[in-house]
Each structure stands twice: as C-alpha cells, then as structure tokens.
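These are my notebook entries on a single protein chain. I record what I looked up, one topic at a time.

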Amino acid sequence: MKKLGFGFMRMPLMDENDQTSVDIPQLEKMVDSFLDKGFTYCDTAWMYHDFISEPTVGKVVVSRHDRSEFTIATKMPVAMLHSHEEGVEIFEKQKEKLGVDYFDYYLVHDMGRANYENAKKYDMISYLRQKKEAGEIKTLGFSCHDNAEYLDQVLTENPFFEFVQLQINYLDWESEGIQSRKCYEVCVKHNKPVIVMEPVKGGTLAKLPEAIEKKLRDVHPDWSMPRWAISFAASLDNVKIVLSGMSTFEQLDENTGFMQDFTPLTPEENQLLLDAAEEIRQTIAIPCTGCRYCVEESSCPKGILIPNYFALYNTEKLRTREDWSPEKEYYANFVKNGNGRVSDCISCRKCERVCPQHIKISEWMPKLAVEMEEKNYLMQEVV
C-alpha cells in the first residue's frame, strides 16, 4: 500500500463558511486522480464536515469506483454516545451512508480517557470486535489525542487493536503537550502500525518563517513546505499511512507526485527539520523549554500541567486555519484525565520562583484560559 491517505476532513468547498458546501466536481476529479495513481486509503468520520463527509465519500468514491480500487476507514464517535443501542445504530447508518457492507479500517474515535470509559460503559469495544469477527470490519484500531503513558495503558489492556492513529509532525515530535515521539515509540513497543494525522499541522507547517524556509530550500529548491512535513512523517519505519486533508486538486497532485515512489528523508534532512522545529519554538509566544521545574519542584497546588499547556498554546497560536483545533482537543483530554485547568490558577507564583526562563506564568494563565477554555467548545463536555 502506498503511504499517502486521502483525509476527507478538509474537502474543497464552494463557500468557506459552510462545511456542507462541498465542491463535488473538483472532489471527483481529485478522487479519480488519487485512485488512478494507485493510492487507496480514504479516511472519513461520522461528524466530519457537519456530518456529511461519509455520504460524500459514498457518492464520490464508493458509487463511482470498483470496490477493489479503494479502502475505506471511518470511526465510531464514542464521545457522542448515550447508549449501546445508539452505537449500533450509528454503525449501521455508516454502512448505509458510505454504501459499503464492510469497512477496511474502523477506529474508535479519539480514545482519550473519558472516551475510553464511554466505550467500555456502552460495550462498544466488544461490539466492534464482534463486527470484526463477522467480517464487517477488516482491521480494527483507534485514534488517540492523549499522552504516551495513557496510550501504553490502553494498548496493554487491549492488545487486540491492530493499529493506532496519532498526530505526528516535526513540530510536535518533541512537544510536551502532544508527545508525538513518545506516543510513536509506545506503538513501536506494542508492535502496532501507525496512521498519521495532521502531518502539516492543519496548514501551520505549510508556511514557515522566511529564514527557516530558506534553509530548507537551500537543500531542496523544488520542495514545498508541505512536502517536507509529509516526508518527515512518512519516513518513520512504523508508519503505514500518512493522511493529508487535501482541499484543492493542486495539493493532491503535488502530494501524490512525490509520494508515488516515496524516498525517505536522510538522517541529515530529518535533523534539519528537527532543528527547524526548535527555531520555530524560539519565535513563539511563551519561551517555555519544558524543563518541568514548575510542576516537579514547586508542586503546583492545583496540579496544573503548565509546560504541557504552554506547548499547546504556543502551537495553537501558530495555526493558520479556524476549523477544528487538535491543541484544544488535547487540552480538553488533559482536563478530563484529572489534570488541573489553567483557570484554576490562584497566582501563588510558586512556579515563577523556580522557572529558569523567568516566565511570568501567572500573567499568562488568564490568556490561556480564554484561548483553551472560553474559545474551546470541547470544554463544554468537561464537568
């Protein structure tokens, strides 16, 4: 299988303010080119594009191409469930919307701690294993926006899962908030292939500071910034598929071009990107180095994961798109997992007394509260 997957989360639109206004003629052209070049992996989900991604994939992929030409991946939205019966109904509706009688890949969607509890509460994991035994699911996995320790727990408790979908890109590789490298290494430890989401970080890595772009173009003058980002993820040995949410034919044409006969990055090219990530971090809002003195030595009385939240805030402020924010999802999962909210800060300043960077942490916390809580619809689910 070729390593590039088509993510139907950011389809071309006729109206950028209306997620249901998909440009069907352009999307059909993109799908035809994608499949004609031998790529097969098509990824969708129940709620993408205001719940019309699955029927759209059914229309532009399944109804127009032979079943042998493509593979379909979709997900069980366990966060939305209120009963076992609701999950069963969704599964059957997904088959109807997509026009398939089996799924090549099926995932438990965003299995953070709270969603994992929901999946167990409503017996969804056992149900999906039964569907796999019945042949309605060929390969069963889950996506995860949580930390490495928790991911290790889930895989230890559920060794039957066959793959994991993770957010991996060179900016998040050493992030304390997202922990791309650590989560990837957990999957390697458990011998689980990885599907990569957000390799270009929602467009954040499509345009870099001018000095950093120059260093990359000096090495490969004809490479775009997205090509560098996708190549980083695709070069990882344990990565099976790198998803790209392609919104134009031009994006698809470029990505399929260099991924057709993909050559992994050299160690030197890989290090160049990691160095670029460090330079990017130097330009961002809060100069936190992730030393963790603020949580390990001062014992924040509210248990706030200050460096993790600073890392999420910093990359959130780099975002160039206004749609779904993985940073805010990671933040909501941290809070659901029993960690303190930034709005819990009581300005005791114990953290500031041990911070080697002399960051005015108490002054930043209200700004984080606005960005990560007040502007985060996912926090409505957190009690």
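**Entry 1: M246**

I first looked up M246, which sits in the loop between β8 (239-244) and α11 (249-259). The model I am reading is a predicted one. Is M246 buried or exposed? I noted a relative accessibility of 0% for M246, so this residue counts as buried. I then listed its contacts, leaving aside neighbours within four places in sequence. The residues that M246 touches include L4, G5, F6, G7, R10, M11 and P12. M30 and F34 are also among them, as are Q251, L252 and N255. For a distance, I took the C-alpha atoms of M246 and Y293, and I found them 41 Å apart. Along the chain, these two residues are separated by 47 places.

I next turned to S53, which belongs to helix α3 (residues 53-62). Its relative accessibility is 0%, and S53 is therefore classed as buried. Which residues does S53 touch, if those up to four places away in sequence are not counted? I recorded F8, M11, T44, A45 and Y48.

H49 is part of helix α2 (residues 48-51). I noted that H49 is not a glycine and yet has a positive phi, near 50°. Because its relative accessibility is 4%, H49 counts as buried.

Which residues of helix α5 (residues 113-121) are buried? I found N115, Y116, N118 and A119. Looking down the axis of α5, I saw that its buried residues fall within an arc of 160°, so they line one face of the helix.

After α5 comes D123, which is placed in the loop between α5 and α6. D123 has a positive phi of about 55°, although this residue is not a glycine. Its relative accessible area is 38%, and D123 is therefore partly exposed; the class lies between the limits of 20% and 50%.

**Entry 2: K317**

I located K317 in helix α14 (residues 306-318). How accessible is K317? The value is 45%, so K317 counts as partly exposed. I also checked K317 against E371, which is 54 residues away along the chain. Their C-alpha atoms are separated by 9.1 Å.

**Entry 3: the whole chain**

Of the 383 residues, 57% are buried. I also considered contacts between residues at least 6 apart in sequence, and 76% of these join residues at least 24 apart. The chain exposes about 16300 Å², of which carbon and sulfur atoms supply 48%. Finally, I noted 45 positive and 62 negative side chains, with the centres of the two sets 3 Å apart.

Definitions and conventions: Residues numbered from 1 in each chain as written. Predicted model: local features only at pLDDT ≥ 70, side-chain atom pairs only at ≥ 80, totals over all residues. Heavy atoms only, no water. Helix = DSSP H or I, 4+ residues; strand = E, 2+ residues; numbered from the N terminus. Buried < 20%, exposed > 50% of the residue type's maximum accessible area, 1.4 Å probe, protein only. Contact = heavy atoms within 4.5 Å. Areas by Shrake-Rupley, 256 points an atom, 1.4 Å probe, with all protein chains shown as cover. Lys, Arg positive; Asp, Glu negative; His and termini not counted. Charge placed at Lys NZ, Arg CZ, Asp CG, Glu CD. Arc of directions from axis to C-beta.
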